[in-house]
Amino acid sequence: MHTGQEPAHTPPPLERPIRARPAPRKGGLTLTRLVLVAGALLVLAWFIGEKTSGSSADGQTPAAAGPDTSISPGMETRSRAQVVQGEKSTTLRQVDDARMQVDGHGTVLRIEGGIGRNFATDLQAALAANPSLQRIDITSGGGYSKPGLDAARMIRRRNLIVRVQSHCASMCVGLWAAAAQRQMEPDALIGLHQWDAQCDARPSPQREECHYQMQFATDHASSYEAWLRDAGFNRYLLDLQSRTAAEDIAVLNVLQLWENGVDFSVVDREGTRMSRAAVQQYLVAKATTRQTGG
């Protein structure tokens, strides 16, 4: 979720290829909603496995669910993003700051939770106290854009690795994209949508000031988009981000990100790198277990 401190893009709404059951959106993206989406994506992975049971040994993942011609031409061989619908908030959302904890060796910072108002300050303190820190392991639904952008610049300056463990959505994707190296665990998810300053949810005169501040949106968005481009996000993914309404979320798994050229590696819980074929087998097995109730 991009919210609170920065203005929003307002491109035309996305024609959504796949719709999940609408659910109330009370405070932005929640872990529960992403877990529900994960089940749907695992079914997609099972479908991929079924379609490719006789695939070549190079581990390349072919098409899964047909064309997404409503978004961009040339996508006929790629699987479609899952778009989860929410409800537009009429009150200002408050984002709590994430929990941050450094491991015993001082090399890995574990971040879990939202990008709150103190996020960049907390991250700066953690980096200053741990000069040997090399990697951030993150699970976050996003949050305020200004501290998120500040934090992303810190990550870029320090050439840190960022690993997504469960999910990374909205402003969190900027942190991941800005990293020197990007990693994901095999069942982790990325979530994309528009910026949201919630101007109309503010009382006057703050509402008018918020709309006035929208003139700065282009500069902020260009930094975010530049990091996505550097990370290999193609036009389809950039369009998906800019055209998915702020109250909705477009969710992609690791196979879909690979299909669209994003530059990252997948690792297991021990940090061992996984091939595309191994990831596919993992997701198929997990989906099958869920379907059979095992």
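This passage describes the fold of one predicted chain, from its overall composition to selected residues.

The model is predicted, and local features are therefore reported only at pLDDT of at least 70 and side-chain atom pairs only at pLDDT 80 or more, while totals for chains, interfaces and linings use all residues. Residues are numbered from 1 along each chain as its sequence is written, and side-chain values use heavy atoms, with hydrogens and water left out.

The chain contains 9 helices and 12 strands. Helices (H or I, at least four residues) and strands (E, at least two) are DSSP runs, numbered from the N terminus. Of the 294 residues in the chain, 53% are buried. A residue is called buried under 20% relative accessible area, exposed over 50%, and partly exposed in between (1.4 Å probe, protein chains only). The chain exposes about 13100 Å², of which carbon and sulfur atoms supply 49%; accessible areas come from the Shrake-Rupley method with a 1.4 Å probe, and for residues only the protein chains shown count as cover. Among contacts (heavy atoms within 4.5 Å) between residues at least 6 apart in sequence, 74% join residues at least 24 apart.

Strand pairing was examined around β4. Two strands pair if DSSP finds at least two bridges between them. Strand β3 (residues 99-102) runs antiparallel to strand β4 (residues 108-112), and 4 bridges join the two. In this pairing V102 stands opposite L109 of β4. The hairpin of β3 and β4 has 5 residues between the strands, and G106 in the hairpin takes a positive phi near 75°. Strand β4 is also joined to strand β5 (residues 135-140), by 5 bridges, and these two strands run parallel. I111 has I138 in β5 as its bridge partner. In a regular strand the side chains alternate between the two faces of the sheet.

A charge lies over an aromatic ring at Y144: R117 is placed over the face of Y144, 4.2 Å from the ring centre. The criterion is that NZ of Lys or CZ of Arg is within 6 Å of the ring centre and within 35 degrees of the ring normal.

Helix α3 (residues 145-158) has 14 residues and should span 20 Å at 1.5 Å a residue, which agrees with the 20 Å between its end C-alpha atoms. The expected span is 1.5 Å times one less than the number of residues. Buried residues of α3 include S145, P147, G148, L149, A151, A152, M154 and I155. An α-helix has 3.6 residues a turn, so residues three or four places apart point the same way.

Most residues other than glycine have a negative phi. N159 is exposed, with a relative accessible area of 55%. S170, in the loop between β7 and α4, has a positive phi of about 60°. S170 is buried, with a relative accessible area of 1%.

The structure holds 3 aromatic pairs. One of them is formed by W176 and F233, which are edge-to-face with 6.4 Å centre to centre and 80° between the planes. Rings of Phe, Tyr and Trp (its six-membered ring) pair if their centres lie within 6.5 Å; planes under 30 degrees apart count as stacked, over 60 as edge-to-face and the rest as tilted. W176 lies in helix α4 (residues 171-177) and F233 in the loop between α6 (217-230) and α7, so the pair ties together parts that are 57 residues apart in sequence. W176 is buried at 0% relative accessibility, and F233 is buried at 4%.

W176 and F233 belong to one aromatic cluster with W258 and F264. F264 lies in the loop between α8 (254-259) and β11 (265-267) and is buried at 7% relative accessibility. Apart from neighbours within four places in sequence, F264 is in contact with W176, R182, M184, V254, L257 and W258.

R235 is located in helix α7 (residues 235-243) and is partly exposed, with a relative accessible area of 40%. Beyond neighbours within four places in sequence, R235 is in contact with E225 and R229. The C-alpha atoms of R235 and N260 are separated by 8.9 Å, and the two residues are 25 residues apart along the chain.
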